[in-house]
Amino acid sequence: MTQLDNVTRPKSQRSKRFLEGRAPKIAENVKNAMIMKGGNTSETITNALKDLYALKKPNAVLYKKKNITRPFEDSTSLEFFSKKTDCSLFVFGSHNKKRPNNLIFGRLFDFHVLDMMELGIEKYTGLMDFKNSKCPEGTKPMLVFAGDAFDVDHELRRLKSLFIDFFRGQAVPAVRLAGLEHILHITALEDKIYLRSYRSLLKKSGCRTPRIELEEIGPAFDFVMRRTHMASEDLYKTAHRQPKVLKAGKKKNISHDVFGTKFGRLHMQKQDLGKLQTRKMKGLRKRRGPVPAEGEETEAKAPKTESADPDPTQSQS
C-alpha cells in the first residue's frame, strides 16, 4: 500500500479488502475486545482474564505476554494495539501492593481512549470451580442490571453502558427460545458490584410453557470501584452519534401504548348527514296528496276497469 496526501491507496485486492473492512460503515461491525495483562499480575488476575476471554469469544484477542504500561498515565500503547487489531474495547489486568487484583475496563473511539473504569476484585470464583456444563461459545447473553444506583449514580451509569458494550455481542433481528440460555446478572449494592453468570434450564411443566430454572456456571466476581477516567459530555455525545439513515423518521398521527399496540388517527371533513345516501325502500316513500286529519273517514274509490274483449253472447247488429 502507498500513502499519498495522508490517503492510503491499496496495491492489491487483498489490501483493498482489508481497508474496506476497516472503513466506517452505516452498520458497524461487532466490537472486538483485547484482553491483556500488565508487568506484574497475580494468579487471580490471570485466571480472571482467561474467564473474561471465554465469555467474550470469538470477538476477543487475548495477549499472553506482559505489557509494561499504565493506562491511566499513558494510553499510547493501548491505542497502538487497538489500531493494530481493530479493537474498540479492552480489559487490562494488573496487581501491586497499593491496588491488588486490579481490572481496568475501557473503550476507545476513533482509536483514542474514551473512558476507563478501574475495578478491584475482592472475591473471585472461576469457571473451573463450577463443575457443570457451560454455554456454547459465542452465545449471546441476556444482561440484567439490578440496583437503583445504575440509574442514579453518574459513574455507575457509565459503567452500565460499558458493560453493555462489552457483553452484548452481535446484533441479531430475532433469537429462538432455546438460544436464551446465558444470563449475566450485575448488581450494585452498598458500593460494591456483583457479577454472576447463570444458565437457564427449560424443564417440563405439564403445559405448553416450560418451567425455567437457573444454574450458576461462573465466573463470579465481587468488584469495588476504584479510579475512573470518563470522557466529556461533548465527546461522549459525538461517540454515540448515529447516521441519519439509521434514525427512524417520525410518522404523523401514529402512536403506541405501553404494550406496543399501534394506533392511527384519521382526519376527515365534516359530513352532512342529511345528504347521506341510504337504502331506498317502498315503505319509506312519501305519500302524494294531503294528509287526512284525525277522525275523518276516507272513501276509497275503486278504479273502473274496462274489458278489452267484448261479450261473445251479445249479437252484433
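Predicted model: local features only at pLDDT ≥ 70, side-chain atom pairs only at ≥ 80, totals over all residues.
Figure 1. Leu214 sits in strand β11, residues 211-216. Its relative accessibility is 52%. Leu214 therefore counts as exposed, since the cut-off for exposed is over 50%.

**Figure 2. A negative patch around Asp191.** Asp153, Glu155, Glu190 and Asp191 form a negative surface patch. Asp191 belongs to the loop between β9 (182-189) and β10 (192-203). With a relative accessible area of 74%, Asp191 is exposed.

**Figure 3. The salt bridge between Asp165 and Arg107.** The two side chains meet at 2.6 Å, N to O. This pair links distant parts of the chain. Asp165 comes from helix α5 (residues 154-167), while Arg107 comes from strand β6 (residues 102-109). The two residues are 58 residues apart. The cut-off behind both calls is under 20%.

**Figure 4. The network that includes Asp165 and Arg107.** The structure holds 13 salt bridges. Some of them share partners, and these join Lys31, Arg107, Asp115 and Asp165 into one network. Asp165 and Arg107, the pair of the previous view, are members of this network.

**Figure 5. The salt bridge between Lys192 and Glu122.** Here the side chains meet at 3.0 Å, N to O. Lys192 lies in strand β10, and Glu122 lies in strand β7 (residues 112-125). The pair therefore ties together parts of the chain that are 70 residues apart in sequence. Lys192 is partly exposed, at 30% relative accessibility. Glu122 is partly exposed as well, at 47%.

**Figure 6. The salt bridge between Glu181 and Arg199.** The side chains of Glu181 and Arg199 meet at 3.9 Å, N to O. Glu181 lies in the loop between α5 and β9. Arg199 lies in strand β10. The pair therefore ties together parts that are 18 residues apart in sequence. Both Glu181 and Arg199 are buried.

Figure 7. Ser82 is part of helix α3, residues 76-85. What is the relative accessibility of Ser82? The value is 0%, so Ser82 counts as buried. Which residues is Ser82 in contact with, leaving aside its neighbours within four places in sequence? They are Met34, Cys87, Leu108 and Phe111.

**Figure 8. Lys64 in strand β4, with Met36.** Lys64 belongs to strand β4, residues 60-66. At 71% relative accessibility, Lys64 counts as exposed. Lys64 and Met36 are 28 residues apart along the chain. Their C-alpha atoms are separated by 7.0 Å.

**Figure 9. Leu246 and Ala27.** Leu246 is located in the loop between α6 (233-239) and β13 (254-256). Leu246 counts as partly exposed, at 45% relative accessibility. How many residues separate Leu246 and Ala27 in sequence? They are 219 residues apart. In space, C-alpha to C-alpha, Leu246 and Ala27 are 8.4 Å apart.

**Figure 10. The protein chain as a whole, for orientation.** The protein chain has 6 helices and 14 strands. Of its 317 residues, 29% are buried. Among contacts with a separation of 6 or more, 64% are between residues 24 or more positions apart. The protein chain exposes about 24100 Å². Carbon and sulfur atoms supply 51% of that area.

Conventions: Residues numbered from 1 in each chain as written. Heavy atoms only, no water. Helix = DSSP H or I, 4+ residues; strand = E, 2+ residues; numbered from the N terminus. Buried < 20%, exposed > 50% of the residue type's maximum accessible area, 1.4 Å probe, protein only. Contact = heavy atoms within 4.5 Å. Areas by Shrake-Rupley, 256 points an atom, 1.4 Å probe, with all protein chains shown as cover. Patch = residues over 30% accessible without salt bridge, like charges linked within 9 Å, V, L, I, M, F, W, Y side chains within 5 Å. Salt bridge = Lys/Arg side-chain N within 4 Å of Asp/Glu carboxyl O. Lys, Arg positive; Asp, Glu negative; His and termini not counted. Charge placed at Lys NZ, Arg CZ, Asp CG, Glu CD.
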